[in-house]
Amino acid sequence: MARRRLFLTLVAVSLPMAAGPATDLARAIRENSLDSEACYRIRDFTLFKEDIRFYLTDGYLIFSKPIAGRPVAAIFSADVENGSGEVILRPPNFAERRALASYIGRPNLDEGLQAAVFFFTGDQYQSLIQQIPNNPTNRRVPEMGALLAEKWNPVLHNLSGSLDLRLSLDLLNGPVRQADFFAAAIQSTRWNNFNIFFDPDNVDQIAAGQFTTRKGRTFFDVWTHFAARSAKGGVASGPLRIDLSDYRISATVEPSLNLTAVTKVKVKTAIDGLRVLPFDIAREMAISEVTVDGMPAEFVERENTVRGGITRGESSFFLVMPAAPLRAGVEHEFEFHYSGKAIVDAGDRVFYVTARGNWYPNLGPQLTTFDLTFRYPRDLELVTPGEVLEDRTEGEWRTTRRRPNGPIRMAGFNLGDYAHARVSRGGVVVDVCGNRTVESALRPRPPLPMPLPQTGPRRGRGAPLPDTLSPPLPLVDPLARLERLASDIAGMLEFMGSKFGPPALPYLTVSPIPGNFGQGYPGLIYLSTRSYLGYAGASRPQEVFFDELLEVHETAHQWWGAQVTSAGYRDDWLMEALANYSALLYLEKTKGRRVLDAMLEEYRLELLTRSENGEPIDAAGPIVLGSRLESSLEPRAWRAVTYGKGSWIIHMLRLRMGDERFFSMLAELLKRYGRGEITTGDFRTLASEFLPPRSDDPKLEAFFDQWVYGTGIPALKLTYTVKAKGMRWALEGTLTQSEVPAGFEALAPVEIQLPRGRDGTQPRLITKWVRASDEPVTFTVDLPQAPAKVTLDPHNGVLRR
Ligand SMILES: [Zn+2]
């Protein structure tokens, strides 16, 4: 629930709907209109919702017609002579003030408004109507109401189409959970339209942001997102907690690739009398029937769902209203019937599964058991995690039933015409499935044809280009690397197993997916079809990525993501950074330190690449903004920061700890959080326990403030002199830092190499960690000999320019 999307979308399409109280309520909300009789000329009204403050100074206020006994929407218009209104939002912490400033140029939102549309399920109507007697000039103006209703009804409809289910959920559960949702769509001169939300089902209830388009791509820029000040320790009702367990799914993949499924799952909540529950499912899926404890239940899907095509596997939410309210602490059996196009044909019997983690109703990843039965055309193969309990072919159909032998967070599946390479090593079975053919997008293209001599008759007949003009295509065999991939991945599992403990499951299926990406699910990896092709002697970072990094990264998610998981979007970076750095550790071990350094260098250059505003990509925002970094400010930032800076953060911690302590820390992380969630704060505490004794910054507070919660990549310069002091030597150095915000204090290693001793011992290395500051910092090291070499940070110990 914490991951419920906050964002209004402004598209509404009509679909036929079933009947029932939830359906009727959602429809009433969508079809709601303004009540011209409830229009007021107002002065000096206020509308406060926790930290959100509206001052409706001078204008009109019109309410929507009542729904379930009261208005759920209102519009304020400042369209009168000297009309005005204002909205004020002050984020309570530095990070969110800075995030806001990166979008609107100032740390607090204080904006004049032309108009605002409010949606509410709490007591906002009462609080507004009570203010009418405050000023003798406040009065009802039905004649204006008619004009305003005509002008604003289309806007109200448009917005209601996005909020109908959210409002219905609150209103229908009202008797047992305090309805408390609030949303505002604001029209201002400076920022056109933007939105503010208060969602009690989110841990951070308050958000403000805006839809923007950049180079043809639409973003929802989250300006700021934080917990209401009064919510420390939780709002009255707190986020809705619903436990889903014991999934039993029976699915059929038709030859048309349509997926039809029946999912049974146990549902438990701590709230007694809950009437309506929300679920997520891929947008491609349409629900046809839901039962709860064997009784038909009402369900309402979103109206603006776009089905078909590649919608990037996005989730949509729908409501289920059981015939009887749920009882607290009781496991209720939910059964969902649904179907949709979750698989796309990429050509030549290569398939693309669009709905990978959300092809069944869910509420985000929850650790539970799965029992999965798939029926599919016999000439295809379907893979999903788990031991095979049943596998038979009847007529044109093949049926396979699998059950992972322990709880997992989500179950994926893949399908194709596969060849296999299997390797069993160290108690783990690796099964690499490869497509027998290459999808057309990956086939080498002939070079552009040379201009043909104008031989009239041939052209006139429309003859094809003669073959002799293009060289024969190099043969691409997606299966050539299969055996090697299987033994490589077994090696990766073995390496990581030796460092972190056993993987999520004792087997791993690796299956292809068209596209330039991969995904690691428990027991199942989706690996880019490019990675199957391989690059002999890959050296360019792009080649290293597809040739090796991607598969190791996805393999590492068997620990980071499949076992321990992130507590929220602000912690998601941890899973990616740990998976990616684990991949780099493996490449370091198998290919040498040079590969690790080359990738770190690649990430460094990417982070320092200038955005259109002249700032490095790194400056777009701190890593803890998570998916919010994928914004119109710098769409490349999410990737560069999450993977690149994330890897640097883990690498810098490793150098601070030393390898032995570093690997102990990773093993301890899995021991402590292996079946649960971890926050960025938990990770800081854990990491600080593994610093060497008497370390600078022993709680890693400065480290996290600078690299995790902040931005900035310093330039560092070392100068030094060496002086004889009796029988010993003194190294006096100065470390100068620049190009970072005031207060940044990079901690950098200075490596001092002493000459070989007279007894022939190896050169001695002394590492002195020096904390840089706004002003140059001087330091002294007492040495028994004159140093042979003094180097600032020779091993990428600090991310710098
Ligand atoms: Zn990943």
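Which residue in β3 is the bridge partner of Leu61? In β3, that partner is Phe76, and the views below begin with this strand. The model is predicted, so that local features need pLDDT of at least 70 and side-chain atom pairs count only at pLDDT 80 or more, while totals for chains, interfaces and linings use all residues. Residues are numbered from 1 along each chain as its sequence is written, and side-chain values use heavy atoms, with hydrogens and water left out.

View 1. Helices (H or I, at least four residues) and strands (E, at least two) are DSSP runs numbered from the N terminus, and two strands pair if DSSP finds at least two bridges between them. β3 pairs in the antiparallel sense with β2 (residues 52–64) over four bridges, and five bridges join β3 to the antiparallel β6 (residues 115–120), where Ser77 stands opposite Ala115.

**View 2. The two sides of β3.** Ala73, Ile75 and Ser77 point one way and Ala74 and Phe76 the other, and all are buried (under 20% relative accessible area; exposed is over 50%, partly exposed in between; 1.4 Å probe, protein chains only).

**View 3. Gln706 in helix α14 (residues 701–708).** Gln706 is buried, with a relative accessible area of 9%, and a polar atom of its side chain lies 3.2 Å from the backbone oxygen of Glu745. Leaving aside neighbours within four places in sequence, Gln706 is in contact (heavy atoms within 4.5 Å) with residues including Thr711, Phe744 and Arg771.

Definitions and conventions: A polar contact is a pair of N or O atoms within 3.5 Å; within protein, one must be able to donate a hydrogen and the other to accept it, and residues adjacent in sequence count only if both atoms are side-chain atoms.
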